[in-house]
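The exercises below are worked through one step at a time. Have the sequence and the model open while reading.

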Amino acid sequence: MSEPFPSVRFAGLRFTPMTVEQSVRALADRPACAPLSAFVTPNAEHAFLRRKDPEFAACGDACFVSTNDSRILGRAALLGGLQLHFAPGAYVVRTLFDEVIKPDTPMTVIGGTEPMIVELRARYGLTNLKQHIPPMGFIDKPEAVADAIDFVAANPARFIFVAMGPPQSEKFCQRLSADGRATGLALCIGSSLTVLTGASNPAPDWMEHSGLVWLYRLATEPKRLWKRYLVRGMFGLGLALRDAVRLRLGLLRPSHA
């Protein structure tokens, strides 16, 4: 079966090189009744996580759309002459809510908080939004995973926002897809809904546009995030720089996934 959009591999990751606008249009145009597929936004950390986790890797390889969530990876790719574009989950989600989602659009949120849902409903007048909050670390609890899958199956939705970080979100989408009952799009969007509702403290604009959001987050939550950025993220950046050099020297072509 052919892919709906062209894709490339860079730093070991599969990307569908799309802008925010192109990504939103692709998500909006997909029929709500189509078999469930995922939207993921890989960054440097994903390159590390996929090494020893076939289930996590499978989601990125098989998903509907996989857009670049890292300015740093994007700039590394440009060094090799490859344009990935920058379409992070937070930008795509905001545009979906502003331009595509209507008050009665069927939606499900897995994760997040109750106040976040209250704010979403109030801000966008949503009347068909359901939420299920699994326990912490639920992906390693078969009964909790089954409960979340049953909830999605019992509440058919056009968009299923999986509001948790990797690798849980991608692994849950893989299990949801394997179950076979759900339709629509499962969006692995991390904290994007928290950002949308103003419940988080975003980095200053100058840091956002210069690719230093990781530094802002590391400074604000060093104990929780040091390993993500200084170990896993640096591993992914190393792979990206290696591929950029190989592309520039003509030793590598951005293979189609």
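## Exercise 1: Salt bridges

Asp61 and Arg9 form a salt bridge, with 2.8 Å between the closest N and O atoms. The model is a predicted one, in which local features need pLDDT of at least 70, side-chain atom pairs count only at pLDDT 80 or more, and totals for chains, interfaces and linings use all residues. Residues are numbered from 1 along each chain as its sequence is written, and side-chain values use heavy atoms, with hydrogens and water left out.

Task: state where Asp61 and Arg9 lie in the chain, and how accessible each residue is.

Solution. 

1. The criterion for a salt bridge is a side-chain nitrogen of Lys or Arg within 4 Å of a carboxyl oxygen of Asp or Glu. By this rule there are 14 salt bridges.
2. Asp61 belongs to helix 3 and Arg9 to strand 1 (residues 8–10), so the pair links distant parts of the chain, 52 residues apart. Helices (H or I, at least four residues) and strands (E, at least two) are DSSP runs numbered from the N terminus.
3. Asp61 has a relative accessible area of 28% and is partly exposed; Arg9, at 26%, is also partly exposed. The classes are buried under 20% relative accessible area, exposed over 50%, and partly exposed in between (1.4 Å probe, protein chains only).
4. Shared partners in salt bridges join Arg9, Arg50 and Asp61 into one network.

## Exercise 2: Two further pairs

Solution. 

1. Arg25 is partly exposed, at 46% relative accessible area.
2. Arg228 is partly exposed at 25%, whereas Glu45 is buried at 6%.

## Exercise 3: The sides of helix 3

Task: which residues of helix 3 are buried, and what covers them?

Solution. 

1. The buried residues in helix 3 are Phe56, Ala57, Cys59 and Gly60.
2. These residues span an arc of only 155° around the axis, so they sit on the same side of helix 3. The arc is taken over the directions from the helix axis to the C-beta atoms.
3. Pro54 and Ala62, on the other side of helix 3, are exposed.
4. The cover over the buried residues includes strand 2 (13–15), strand 3 (37–40), helix 2 (44–49) and helix 8.

## Exercise 4: Helix 3 against helix 8

Task: classify the packing of helix 3 with helix 8 and list the residues that meet.

Solution. 

1. Helix 3 (residues 54–62) and helix 8 (residues 168–179) pack at about 75°, and their axes are 8 Å apart. Axes are lines fitted to C-alpha atoms, for helices over the stretch in contact, and angles run from 0 to 180 degrees between N-to-C directions.
2. The two helices are therefore roughly perpendicular, a class that covers 65 to 115 degrees (under 35 is roughly parallel, over 145 roughly antiparallel, the rest oblique).
3. Glu55, Phe56, Ala58 and Cys59 in helix 3 meet Glu170, Lys171, Cys173, Gln174 and Arg175 in helix 8, where contact means heavy atoms within 4.5 Å.
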